[in-house]
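Here's a two-part structure to walk through together.

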Amino acid sequence: MLTFICSWSAGSETNLKTTYKICYKPTHCESVERNVSGKINLALFGAVQIHITAINTLGSATATFQVTKKDITFIPPVPQNVKVVPDFSSQTLSLKWIGGVSALAFPTTIEFEIQVLWTEKMEVIHTESYAAQLDSQNKTFQWSWISGVPLNCTSHSVRIRSISTDILMNSKNGSSDWSKLQTIPGADDSKSVMFPEDKVVRVGTNMTFCCVAGRGQRIKTLVYGAEHLPCSELGIRSKAITKYNLPPSDSAGTNIMCNLDPPHLLGTVVFVGYPPDDQQLECETRDLQNIVCYWSPGRQTMLLREHRTFYTLTERISGKNASCHQANDDDADLNDDKYKCNFPVISGQQMYKFLLKAKNPLGEVKTNYTLNLYTRVYPYSPSKVTVLCTGSRQTKLFLSWGVSYKNMTCQFEIVTNNKEKQLRNFTLPDQEANALSRVAVDQLYPDTSYSFRTRCASAEHFWKWSSWSESKTCKTQEEAPSKALDVWREIKRTEHGQNVLVKWKPLPHSDAKGTIVKYEITWNVVNEVGEQSAIAPVSVNSTELHLNFSDYVIAVRAVNSVGSSPSSQIRILGLFEEQADEPSIISGMPSGFNLSWSPGTNETCGYIVEWCLFPDTLDCNMQWERVPPKTTHTVITSDGFRPGVRYSISVYGCSQHKEYLLKKMVGYTQELAPRRAVKVKAEANSSHTVTLRWEDIPVQDHQGFIRGYRVYYVPQVNFSARSQKSGIKEVINITDPDVRNVTVTNLHSATYEFTVKAYTAGGEGIGEPININLVDSPLGLFLAILIPLGVTCFCGILLGIFCYTKRNCVKETFYPDVPNPEIHGEQWSVVEGRSSNPTFDVKPFIPDKVWIIESVPGKDVDDSDICTMEMNNGDNGSVNNLEVISDSGYKPQMRPHVPLLDVNHTPNPQHLDLTEQSEGYQPQLKVSNWSVESPEVDEASACIGSPTSVNSTQFLLPYQASEEGQSTRSSSWKFSSLMSSAQKR
Amino acid sequence: MATGVRHDAIEDNISFALSDCYAKAEALARKVHSEAKQITESYREKQGLSQDLNLDSIDGVPESGTSKWAELTEEERLRENAAAFAALHRLLGTVLKEQQDDLTPGDYKFHDALLSLLAKVEALAETTKQLLLSLGHVLPRAEEEREEEGLRYFQKKRRGYKVIVELSGWALRAVRDFARLKRRNRREVGGKREVKKRGSRR
């Protein structure tokens with residue numbers, strides 16, 4: 001059964017007392033006095049008929065309703081005992097309330113709607129739903145909310161109401177009334193303040209800062225650092241800015257400043273950083289008495305001093321804390337960027353479980369590490385190392401530690417003075433503190449400085465090598481030289497004997513086994529008793545002996561402080577002349593020579609290859625190399641080999657009794673072109689043949705093997721009109737290097753330049769050109785003139801004879817007889833007045849027009865001095881062109897040297913009436929026939945400048961002539977007219 | 001007669017000592033001004049403060065800006081200087097500690113610069129006090145140390161800035177004051193000698 005509240009309106013007002021009766025079942029009626037609502041109990045499973053009867057003194061009225069479940073709204077109770085508790089530091093509002101007593105007998109689902117408002121503006125800033133079960137009990141609920149804006153910035157209010165959401169009820173969702181506003185007042189107006197104060201926040205968060213002005217003050221600006229951000233108003237006195245995604249601040253934090261009016265500055269500081277990021281915790285012991293735990297701080301928190309990270313390291317088995325002074329010291333000096341804590345070893349405890357907590361205002365991290373003490377031993381390097389070189393090949397080392405260790409495996413690093421490194425391993429048994437351990441080191445070289453250092457690690461559970469100990473140095477003792485010297489000789493025979501320069505190569509350190517102090521040289525005549533000796537200081541590598549022509553045995557030994565080397569012997573055969581075949585030519589490489597030879601018949605002790613490093617100098621710096629027995633090839637190399645130098649190499653065979661010359665070779669490591677020019681002499685045998693002869697180039701200038709010569713010849717310059725041409729260069733290649741002359745034939749009579757160049761595999765050398773003039777013989781010249789002359793004369797005579805014999809024919813053909821003119825009297829009549837057949841009046845010729853162009857702009861001076869005079873005598877096709885040389889320009893009185901017109905000339909009738917005929921002919925129409933002044937026109941037309949009409953005294957201008965041009969020509973014409981009139985006069 | 005000569009010699013010595021003291025004080029004040037000026041800039045940058053920072057509402061720091069300075073006697077000026085430098089020395093010590101502890105931990109170079117300035121301010125305060133004593137003036141009353149706890153970071157920053165700015169101002173004015181005193185002392189010594197010379201001629 002449910003209890004429903006039915007309410008209704010009373011309808012028309014009446015002053016009479018009215019009572020109501022609600023009947024919802026025929027048998028269930030309840031009376032309600034004065035109210036317009038009543039409670040009924042019924043099961044809500046179907047439609048219910050409800051009759052409400054109003055009764056007063058005048059009568060009654062009944063209203064009937066049919067109510068279903070859907071028509072009934074369930075209204076949950078208003079939350080009770082609502083309390084808001086602010087936490088200003090965390091900007092959190094905590095809300096507590098009691099759900100109220102439900103009218104329903106069973107729990108129902110409801111929702112609490114909570115609203116947060118800025119009280120001053122009554123602006124809802126947050127709405128949230130809180131789902132809950134409501135039952136008959138006075139159940140307490142709580143909810144909290146973190147404000148983005150500090151709570152002090154303005155007053156915040158909270159209200160709450162219930163909303164029915166139960167599906168079972170299947171009724172309309174009714175909501176309760178809001179609870180009373182619970183207000184948390186902001187900062188009062190007694191003074192201006194900023195919020196939040198000195199906050200520490202994580203990088204990347206969004207944060208709102210506000211400034212609350214005190215009484216009589218006004219906020220002017222609010223800035224984040226130097227950044228002006230959009231400002232929002234929280235109330236009349238309060239403004240806020242929000243900074244999104246806060247960047248890390250520096251050590252002094254970031255200022256947020258609020259400027260007020262009247263002038264006053266407020267500020268707050270925010271520290272933006274990261275929570276701890278400590279990681280890689282690792283623990284070990286160095287002395288089995290203390291455990292040291294290291295870790296890396298990871299990303300910097302950017303927070304210092306009171307905001308920095310604090311560490312605690314706890315051993316969880318014993319529950320003891322480690323000492324972390326170093327890590328917690330704000331000025332901690334990081335060792336390899338790591339923090340550390342120390343924990344003393346607990347007697348009898350082998351396993352340790354460490355927990356590291358790193359905490360700062362933004363968070364905490366925990367790291368674990370479990371340690372078995374004996375598996376994490378990182379020994380110290382030996383505290384004391386002593387080295388004692390006791391012999392030439394062995395030494396002893398003494399090591400000790402300040403603490404005791406169990407079995408250790410160790411390493412020696414042995415470094416020679418040549419920086420060669422060698423690592424040797426050894427083991428040490430249990431080591432007591434400060435006890436000396438002796439280690440023998442053998443297989444060393446005599447007379448060698450060694451530096452020793454050592455490091456050790458736990459042998460049973462290798463964890464880490466200790467750091468290297470300090471280096472100790474000692475030098476092994478010397479031994480007598482172990483090898484004989486490499487000795488050779490250079491013999492110079494004179495009249496009186498033989499000078500033998502005995503040379504040897506210093507022993508390498510590995511063979512000397514000590515410091516060589518001197519060399520002992522002994523010699524004696526073969527098969528004779530009596531030995532002579534000499535001492536050479538260590539600074540020299542040769543000694544000269546003056547011997548007679550006897551056979552000698554010479555021995556050389558190197559001596560150090562311990563003893564001397566085995567004797568090294570060479571034999572000198574006094575009367576033996578070394579002979580060898582012609583040296584063979586070998587080709588080398590830039591680095592040296594690859595040699596091979598036929599084995600010697602008597603060879604028993606190998607071969608000696610000898611050569612001079614500087615063959616061009618007096619001291620040729622003899623070098624030698626011993627080749628083992630039965631080996632007939634070797635490669636000799638030297639940095640001293642230079643290209644273009646001829647090296648002579650001798651191979652000696654070594655037998656028991658002597659060294660004998662086996663083979664000689666010459667070669668170049670690299671052939672170059674000859675460096676000296678071939679000197680040529682030329683001899684002209686005839687005007688067509690020249691013989692050239694040249695000398696040898698000195699061997700030292702060959703710089704390679706001469707492979708031949710090239711003869712270049714070229715006829716010298718040939719002068720033609722204004723140009724100079726060289727002849728074609730001819731070449732004769734002579735491939736025989738022994739040829740020293742050549743005859744060049746088929747030459748012409750000219751001057752020839754000859755050049756001879758030697759060439760090697762390295763290229764062609766330079767040449768010295770020589771000129772020779774080849775002239776024809778005088779006889780030939782004479783013949784060349786006389787023969788054509790004679791032929792010409794002969795032909796002339798033949799022609800003369802022919803003409804003479806045929807003279808009549810020639811006369812008739814070329815000079816016929818001319819008849820004499822005869823006039824008879826009746827044929828000659830004269831008519832008075834005008835003759836019908838007038839004779840031609842012969843008058844001196846007066847030119848129609850004279851053009852004298854003094855100068856033409858743009859023409860050369862030479863050209864301008866020559867002007868062409870055009871004379872028009874009226875005949876279309878007959879124009880006399882005269883040249884007037886004008887030295888000083890205009891010479892009007894100069895008569896042209898022109899023959900007068902033929903008196904028999906019959907004038908063309910057209911010329912008799914010029915004006916009548918002038919219209920028909922207009923040559924200027926065809927513009928292309930004449931040209932304007934231009935550099936391209938020929939001189940004559942250039943001088944004239946324009947064609948003229950044959951029947952006009954006007955100078956004809958081309959179409960489209962410029963005004964300027966017109967005026968110029970106009971003036972020219974005037975001048976010519978004047979000349980014409982003057983001439984007429 | 002002998003007593004008179006001796007008295008003159010003592011007076012001369014005192015004058016010389018005073019002159020020397022003025023010169024030292026002037027040189028010290030000059031150095032303090034120079035260093036404080038340099039530190040002002042680096043302090044402002046390190047603390048992220050703007051150049052037009054309003055420092056009016058910060059109490060407890062002697063302010064160098066006053067219009068009444070010309071009205072003060074030399075004795076009063078010396079006393080004001082002595083009191084100000086003593087107060088500024090104490091405040092600068094606090095500033096240094098705040099920098100080391102909170103604001104710029106790890107910036108040892110900056111702390112050294114502040115420490116150097118602190119030593120000079122102490123010397124200047126002491127020299128000014130000695131001058132007062134030498135001239136027979138009364139020392140300023142020792143200011144009671146005010147415990148200021150719970151200052152926010154920003155307040156510390158601002159106060160530190162004001163201390164250095166004011167120190168620079170006080171030092172600059174002190175340079176002028178000591179220079180003036182030095183000149184006056186010279187004139188007085190010169191005048192006395194002139195009088196003595198004339199007296200001896202007569």
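What follows is a tour of each chain in turn, and then of the place where they meet.

Before anything else, keep in mind that this is a predicted model. Chain A has an average pLDDT of 78, and 76% of its residues score at least 70.

Now for chain A itself. Its 985 residues include 38% that count as buried. If you tally the secondary structure, you get 8 helices and 64 strands. Among contacts in chain A with a separation of 6 or more, 64% link residues 24 or more positions apart.

Start with strand E9, residues 92–98 of chain A: 5 of its 7 residues are buried, so the strand is largely enclosed by the rest of the structure. What does E9(A) pair with? One partner is strand E8 (residues 80–87) of chain A, which runs antiparallel to E9(A) and is joined to it by 6 bridges. Along that pairing, A:Pro86 sits opposite A:Leu93. E8(A) and E9(A) make a hairpin with 4 residues between them, and A:Gln91 in the turn has a positive phi of about 55°. Another partner is strand E12 (residues 140–146) of chain A, again antiparallel, with 7 bridges to E9(A). Here A:Thr92 has A:Ile146 in E12(A) as its bridge partner. As a general point, side chains in a regular strand alternate between the two faces of the sheet.

Further along chain A there's an open sheet of 4 strands, in the order E28-E27-E30-E31, with antiparallel pairing. Strands E28 (320–321) and E31 (363–372) of chain A are at the edges, each pairing on one side only. Strand E30 (residues 351–360) of chain A is antiparallel to E31(A), and 10 bridges join the two. One of the residues involved is A:Asn360, whose bridge partner in E31(A) is A:Gly363.

Turn to chain B and you'll find 4 helices and 0 strands. Read along the sequence, the pattern of chain B is α-α-α-α. Of its 202 residues, 41% count as buried. Residues 24 or more positions apart make up 87% of the contacts in chain B with a separation of 6 or more.

After H3(B) comes B:Gly136, with a positive phi near 80°.

So how do the chains meet? Chain B brings 19 residues into contact with 22 residues of chain A. Together they bury about 1700 Å², 50% of it on carbon and sulfur atoms. B:Arg152, B:Tyr153 and B:Phe154 supply 37% of the area chain B buries against chain A, more than any other three residues. There are 2 salt bridges between the chains. In one of them, the side chain of B:Arg152 meets that of A:Glu197, at 2.8 Å from N to O.

Methods
Residues numbered from 1 in each chain as written. Chains lettered and ligands numbered in written order. Heavy atoms only, no water. pLDDT = per-residue confidence, 0-100. Pairing = 2+ DSSP bridges. Buried < 20%, exposed > 50% of the residue type's maximum accessible area, 1.4 Å probe, protein only. Contact = heavy atoms within 4.5 Å. Buried area = accessible area lost by both parts, 1.4 Å probe. Salt bridge = Lys/Arg side-chain N within 4 Å of Asp/Glu carboxyl O.
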